[in-house]
Amino acid sequence: MPLTPLVYWAQRHEEVYLRIELTDARNISIHVHENVLHFAAQGNGAKGQNEYEFNLAFLLPVKTKVHKSTQRQVNITVKKEQWGWWERLTLQERRPVFLSPDFDRWLEESDAEMEIREKEERKNRLKAARPFSLNISGFISLKTGYLFVYNLVQFLGYSWMFINMTVRLVIFGKDSFYDTFHTMSDVMYFCQALSFVEILNVALGIVHSPIGPTVGQVLGRNFFLFIIFGSLEQMHRQPVVFFVFYLWSFIELVRYPFYMLGCINVDWKPLTWLRYSIWIPLYPLGVLSELAGVIQSIPIFDETRLFSIPLPEAIGTSLSFSCLLYPYVAVMFVGLYFNMRHLYKQRQKRLSTKKRKAN
Ligand SMILES: CCCCCCCCCCCCC[C@@H](O)CC(=O)SCCNC(=O)CCNC(=O)[C@H](O)C(C)(C)COP(=O)(O)OP(=O)(O)OC[C@H]1O[C@@H](n2cnc3c(N)ncnc32)[C@H](O)[C@@H]1OP(=O)(O)O
């Protein structure tokens, strides 16, 4: 009959440490599923040589685990799925009897935060000493070089459009709205078509963005650019083109330089703040402008029957493409919700230095 070993624990915001008192542990098996960790091994524990095992249901879900066994003990490090401080280790309120704090690694929340701050300060001091020095070995790697060039190309494209539109707005005022498409569309086509690379980057694990928001963003914009604006000549002279292009360019003027600096390991605080804040007004505004574009295109699709879907002869007519635009509007708002939720989480992760208090 397996026995339970003594287990000592401590936590940080991103992980949990478990130290299992088993000497000469063999046949170690550790599995993590959602918030449950199962451990089994043979070894010399509190009750001598025996089989030992336990299950721990953590307070919140965890991701991965790594373990290292020495002659004296087994150490497990478990990554929390969400960064944060847990008020206790286990889901059940009563602490299991085999579990005790590991005072060698124990830190209170405030001390753990201090540890993070000290680490960050050390990193910043290092960066301040050589603010723009490049991490040469990282930089010359193929992946970094490729990402840097990709981001640079996008940055140049969007800067050109943003500056061009701004200058034309200053010189021609509202009149500049009407020929935005003719002056910008080639560069916008190029940048947006190129952005399909971003889906590939995620799929191949080159960058660690989630696939959903990336696909939503790339497909959403390309659909809009090529189908709603591109295929309808009547849309080309609509002022809405200006607003959509201006908002897209505005955000990318911040996002791509942020990624470029990331490639050379430079964290320029004002730019990081802008990258994780400017979407708050720009995203809803962008989606509202796109919505205006979709609404304007509906009667045009109805009239021109462009892309209309042929129906069986018995029914006799064709279904206007605009029928697909109504569900598309709903998809746009669902996409907006998920992308904003994702960006909000990114913002919390990258900018938050606030104390998270235990309940
Ligand atoms: C028939 C077709 C149907 C299609 C239906 C789909 C409809 C969906 C509609 C959705 C609505 C879209 C509306 C939109 O078009 C309107 C606008 O754009 S308005 C303007 C405002 N827009 C924005 O603010 C959004 C800008 N976009 C983004 O932020 C990203 O595209 C997004 C995927 C949403 C989020 O970005 P990400 O997850 O990448 O966040 P991070 O920036 O924090 O990056 C995460 C880590 O990955 C590294 N990374 C990512 N990309 C790169 C890169 N190119 N180069 C280098 N590194 C990169 C980044 O550095 C982070 O790494 P770490 O965490 O280690 O720092």
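This is a predicted model: local features need pLDDT of at least 70, side-chain atom pairs count only at pLDDT 80 or more; totals for chains, interfaces and linings use all residues.

I began with the hairpin of strand 4 and strand 5, which has two residues between the strands. The two run antiparallel and are joined by ten bridges. Strand 5 covers residues 48-57, and the partner I looked up there for G43 is N50.

T23 has N44 of strand 4 as its bridge partner. Strand 3 and strand 4 also make a hairpin with two residues between the strands, and E34 takes a positive phi there, near 50 degrees.

Which residues of strand 4 sit on the covered face, and which on the uncovered one? Strand 4 spans residues 36-45, and I found L37, F39, A41, G43 and G45 on the covered side. V36, H38, A40, Q42 and N44 make up the uncovered side. The every-other-residue pattern makes sense, because side chains in a regular strand alternate between the two faces of the sheet.

**Whole chain.** I then zoomed out and got ten helices and ten strands for the protein chain. The chain has 359 residues, of which 20% count as buried. I also checked contacts between residues at least 6 apart in sequence: 66% of them join residues at least 24 apart.

**E113.** Next I clicked on E113, which I found in helix 1 (residues 109-129). Is E113 buried, exposed or partly exposed? I put E113 down as partly exposed, because 18 other C-beta atoms lie within 10 Å and buried would take 20 or more. I also took the C-alpha separation of E113 and W85, which came to 9.7 Å for a pair 28 residues apart along the chain.

**Helix 6 against helix 9.** For packed helices I want two things, the angle between the axes and the distance between them. Here the axes of helix 6 and helix 9 come within 10 Å, and they cross at roughly 35 degrees. I noted the crossing as left-handed. On the helix 6 side the contact uses F224, I228 and F229, while helix 9 brings E290, G293, V294 and S297. Sorted by class, that contact has four nonpolar, two polar and one charged residues.

I moved on to the loop between helix 9 and strand 9 (309-310), where R305 lies. R305 is not a glycine, yet its phi is positive, at about 60 degrees. It counts as partly exposed because it has 14 C-beta neighbours inside 10 Å. F307 is in the loop between helix 9 and strand 9 too, and its phi is also positive, near 60 degrees, in a residue other than glycine. With 15 other C-beta atoms within 10 Å, F307 is partly exposed.

**Ligand.** Last stop was the ligand. Which of the 34 residues around the ligand come nearest? I wrote down S209, G220, W279, G286 and G335. The elements giving two or more residues to this shell are helix 3 (142-172), helix 6 (211-230), helix 7 (239-263), helix 9 (279-304) and helix 10 (322-351). By class I got 19 nonpolar, 13 polar and two charged residues in the shell.

Terms used: Residues are numbered from 1 along each chain as its sequence is written. A residue is near a molecule or strand if its C-beta atom, placed from the backbone, lies within 6 Å of it. Helices (H or I, at least four residues) and strands (E, at least two) are DSSP runs, numbered from the N terminus. Ala, Val, Leu, Ile, Met, Phe, Trp, Tyr, Cys and Pro count as nonpolar, Asp, Glu, Lys and Arg as charged, and the others, Gly among them, as polar. A residue is buried if 20 or more other C-beta atoms lie within 10 Å of its own, exposed if 12 or fewer, and partly exposed in between; C-beta atoms are placed from the backbone. Two residues are in contact if their C-beta atoms, placed from the backbone, lie within 7 Å. Axes are lines fitted to C-alpha atoms, for helices over the stretch in contact, and angles run from 0 to 180 degrees between N-to-C directions. A crossing is left-handed if the near helix is turned anticlockwise from the far one by less than a right angle, and right-handed if clockwise. Two strands pair if DSSP finds at least two bridges between them.
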